[in-house]
Amino acid sequence: MPIISRVLILGDGAAGTIMANKLRLLTDRKEVDITVIGNSPKHYFKPDGVHIPFKLKKYQNSIKPTRFLFNYGVNYVQDEVTGINVENRNVGTRSGKQFGYDYLIIATGNRFDPDEIPGYATEAHHFYDLQHSIELGNSLDKFQGGNIVIGPSSIPYQCPPAPYEFTFLLDQYLRSRGIRDKTNIHYMYPLNRVFTIENVSNFVEKLFEEKGIETHTLFNVESVNPDTKEVLSLEGESMKYDLLVLVPPHKGQKVITESGLAGKSGYIDVDRHKLNYGKFDDVFAIGDATNLPISKAGATAHFESEYLANRLAHDISGGIYDEIYNGEVACTTITGSGKAITLYFSYDRPPRASFQSKMDYLLKWTSADTYFSGMLRGVM
Amino acid sequence: MSEEVKPNKVVDARGSFCPGPLMELIKEYKQAAVGDVISVYSTDTGTKRDAAAWINKSGNELIGVFERNGYYEVVMKKKR
């Protein structure tokens, strides 16, 4: 039987890889051609970024060669997407190739834009990529006490709990080095609480109080002054730092804006239940690339891919699939002292956060293995 | 504020959930001039409290929070 559908996936991160592998498991490779275009030679398990600065994990176990992560029957093209024309069903790449499709799935993720905040590039540390996580670890090794200021520079950003997870691990690390009493930890957040979701925020705020972590809410970072070592807010406040750990400003990819699929933010508006773009029933976006009001996280990409792979598999074979995606996300987040909590939520159901456990921490601890061997492969 | 007040800028964040409407308002605020009146429409009830708190803390003027037909309107004046 000849190929009846060509599925083109843009992006080789969590969303693109899970989507390709899940769809491959659900379709016949003689009938459905699946091609992924991406330009990351290595695939990094980003949640380990909060552990690496404290040497709690070896970074070598958090990265794998991207080309080995696709199931048999998925075509992987290492190239950069330079143009997307959804009217003509065509995608162009840096090497000059052109790709047509029957279904297009955009999973191009985020990019960091440090220039958005004056002073950021030379002063701020972060743990959102492997290089910066290692560099932050080196700075922490030299740290002997003073003010550490932590927080997101803006919203949205990947893995919303990561800044507070890092803060709990930092508190633990400083205590183990015997310098916690010489250090003030300041946690700042752009909203009038310490996390986007109110009941999780209440829970985290209580733990911060117990651990002596100071909170500064409604602090939207405007600039960083390298001379005075101060971070300045849009609200007119400032905070002195000896070590600044600031989540970099995030945006969608330039090619998305340049192709007219999104405004300046670079995030694509999709139907919140069907994940298709605008009037097009053959163009979808998943993962961090979307403008959906849910976490930018691997867990979100996982749930979205599960829905979309099933929907496309039914669609291609002429079946009916009347399920919708309802914003389901599950994530396990560290709360310090060897414990974690798992949050389940959707568009309509806020998460409950009341039960910390060592078992959840174990799940989090081993999640890189589960991710590479199960989740990415599309078998979970 | 009377119904006839015309804001210089309107942010329509209806359908977006917290913290979307507040972040959209802040984005618009950054581009506005001192004296501009900015209005944000939101269907998320949390916006009433979050936006008002931010407007007060940032030293701007909260003109009012109004219940419209199926959504809220928060109106502010940029003072700094």
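How many residues does helix H5 of chain A have, and how far does it reach from its first C-alpha to its last? H5(A), residues 198-210, has 13 residues and reaches 19 Å, close to the 18 Å expected at 1.5 Å a residue, where the expected span is 1.5 Å times one less than the number of residues. Helices (H or I, at least four residues) and strands (E, at least two) are DSSP runs, numbered from the N terminus. This is a predicted model, in which local features need pLDDT of at least 70, side-chain atom pairs count only at pLDDT 80 or more, and totals for chains, interfaces and linings use all residues. Residues are numbered from 1 along each chain as its sequence is written, while chains are lettered from A and ligands numbered from 1 in the order in which they are written.

Which residues of H5(A) are buried? They are A:Val200, A:Ser201, A:Phe203, A:Val204 and A:Phe208 (buried: 20 or more other C-beta atoms within 10 Å of the residue's own; exposed: 12 or fewer; partly exposed in between; C-beta atoms are placed from the backbone). Seen down the axis of H5(A), they fall within an arc of 165°, so they line one face of the helix; the arc is that of the directions from the helix axis to the C-beta atoms. On the other side, A:Lys206, A:Glu209 and A:Glu210 are exposed.

Now to chain B, where four strands form an open, mixed sheet in the order E1-E2-E4-E3 (strands pair if DSSP finds at least two bridges between them). E1(B) and E3(B) stand at the edges, each with a single partner strand, so one side of each is left without a neighbour in the sheet. Four bridges join E1(B) to E2(B), which run parallel.

Finally, the contact between the chains takes 14 residues from chain B and ten residues from chain A (in contact: C-beta atoms, placed from the backbone, within 7 Å).

Note on methods:
Contact = placed C-beta atoms within 7 Å.
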